[in-house]
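Student: Can we go through this model together? I'd like to start with how things pack.
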Amino acid sequence: MYVIEANNVGKRFKDTVALHRINLKLAKGETIILLGPNGAGKSTLLKILSGLYKTSKGTVKVFGHQLPKDAEKIRDSVSFLGENYSLYDDLTVRKNLEFFGILYDLDEKHMKRRIEQLLARFDATQYIDREVGELSRGTKQKVAICRALLSEPKLLLLDEPSAFLDPVASRILHMELNELSRKGVSIVYATQRLDELYKIGNKTLLLRKGRQIAYGNVDKIINKLRDVEVEIITAKPISDAVLRKFGKRWKVRYGDSNKAVIFSLKKINDIPKVVKEVVNSKCEIVSVLYLKESIDKILSGA
Amino acid sequence: MNRKHIIDIAMKDLREAFSSISIWGPMIGIPLFFAIVLPAFTVYISKYAGPALLTQILGVAAQTRGISSYELAKSDFIKFFAINILGPIFLTMPIITATVIAADSFAGEKERKTAEALMSTPATDSELLVGKTLASFIPAVGLTVVIFVIYALITNYFSMASYGVTIFPNIVWYMMLVNSPFLALTTIGLIVLVSSRVKNIKEAQQISSLLVLPILVIPFISVFNIATLNFWFLFDMMICLIISSAFVLYISLKFFDRERFIVA
């Protein structure tokens, strides 16, 4: 039995088609990345899978239960983290987490232990008795992730959870999700960040304007990607001469400074070649980033 | 229904409401002001008002009670005023107090962007509704009882000091007290229903005020001489309020829709 079976799912809000004929299947322990730009329908699909929204067309089964009819039967096993923190600003981190823990019927001792463990994992223990309203966006997001993980769900529905997280916290999140996946937790992870495909997904569903553009294993989808923009940041400025040299082989331009160069590539497989050439030019690479803005192009070319 | 879920939701709402002085300040301050100032003012009028004004007020009071004005003494005036005129004002306390928190119940979750997380928890529709209702009901009724007692004590103090008589407790006072939870429940039920179907707190407050207006008239029935505020009137009113609060809660539950609540 699949954890999620969605067949020809459609969703309409008055005159707007938010989703059109989406199909996906997710087995136990699998992670699927919903990849798409703003307005692609990722959040709507997550809300349908959590039982919050009804479908306008098609059928959705989660743990074998038909949604939204049997939504109450799955809520114990599912945890949904929306695009907002969904935390109460006037309550402390502890009170926020305890509030949700009780609604998931967690044993009090276990809940308290789990809250401490999760906050420690995301390096947020020091905020436990602070009101959420006083916290930074990144810390709020960490607490929101802790909330989503608190009930030890069998299915995690996450809407851009790495938004506002610093690179260290993002890495912890990815490690935590990979660990959960190994333990049999199924995950649906919506993102606009292409790099997250490599870090957590087994499967991916590419969405654009509510339509399914591609669906399948991550490797297969990645090979289909076209027109990728990669930003390489170096320790020292790159001279015009070096940039011209790169320009002979690739389409390049400076990024925000002369320590950042943006390469427009035809294929995603070209990235290792670019990195090799930059290294060969005696430039010390600090980081390699996919540019978020390029996702529209990627999806239209996929 | 899971009692733990209900208490958890209610306690969370109460913690949120009482974390801000801008919410609990007026909610407690205004009734308290009326409980202290109004009785003192009544005694002041009865003692120091000029004969013309007092005769006029006594005339109106006597007319309302169907007797001639000379049958009313000054002490009768304060009694009449305390029970028939001010009593109903205090009957509106549960309505006013409940409106503040109830309007925030669901609309506030949406405005603070916490609705999706709450709606995706295992809490059932009935647990959510009952929890939210309870969060408004507890302070509304609690405050009403406290204010009624303070009002009665202060009125008694002034009337004892001025005329050597006590006014409270009496059967009408008890019945008003008994009515207040049901009055609060009907009001809260209506406002929670509205709050779950609007975009924000402001909209919830505006629509709620309109809906609550007919309920606000009930306490003033005796003031306008439509009926006498006695045991049987208040008993009938209580039965009506029990039925209407049950009906409102039933309707709220029947029409509660998580998607509509989030999308609205």
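Tutor: First, a cut-off we need for packing: two residues are in contact if their C-beta atoms, placed from the backbone, lie within 7 Å. Also keep in mind that this is a predicted model.

Student: How many residues of α5(A) are buried?
Tutor: Twelve of the 14, so the rest of the structure largely encloses α5(A). The buried set runs from Thr139(A) to Leu150(A) and includes charged side chains such as Lys140(A), Lys142(A) and Arg147(A).

Student: What span does α5(A) reach from its first C-alpha to its last?
Tutor: Helix α5 of chain A covers residues 137–150 and reaches 20 Å, close to the 20 Å expected at 1.5 Å a residue.

Student: Switching to the core. Which residues have the most contacts inside the largest nonpolar core?
Tutor: Leu34(A) and Val62(A), in a core of 151 residues.

Student: Where does this core lie relative to the domains of chain A?
Tutor: Between them, because domain 1 (4–223) and domain 2 (226–301) both give residues to the core. The centres of domain 1 and domain 2 of chain A, taken over C-alpha atoms, are separated by 32 Å.

Student: Back to Val62(A). What is Val62(A) in contact with, leaving aside neighbours within four places in sequence?
Tutor: Val3(A), Ile4(A), Leu49(A), Leu67(A), Ile74(A), Val78(A) and Leu155(A).

Student: Now chain B. How many helices and strands does the secondary structure of chain B come to?
Tutor: Twelve helices and zero strands. Chain B has 264 residues, and buried ones make up 44% of them. Of its contacts with a separation of 6 or more, 83% are between residues 24 or more positions apart.

Student: How many residues of chain B are in contact with chain A?
Tutor: 23 residues of chain B, meeting 23 residues of chain A. On the chain B side, α1 (3–17), α7 (115–119) and α12 (258–263) each supply at least two residues. Helix α1(B) gives the most, with six.

Student: How do the residues on that side of chain B divide into nonpolar, polar and charged?
Tutor: Ten are charged, seven polar and six nonpolar.

Technical notes. Residues numbered from 1 in each chain as written. Chains lettered and ligands numbered in written order. Predicted model: local features only at pLDDT ≥ 70, side-chain atom pairs only at ≥ 80, totals over all residues. Helix = DSSP H or I, 4+ residues; strand = E, 2+ residues; numbered from the N terminus. Domains from an automatic or database assignment. Core = buried A, V, L, I, M, F, W, Y, C linked by C-beta atoms within 7 Å. Buried ≥ 20, exposed ≤ 12 C-beta atoms within 10 Å, placed from the backbone. Expected span 1.5 Å × (residues − 1).
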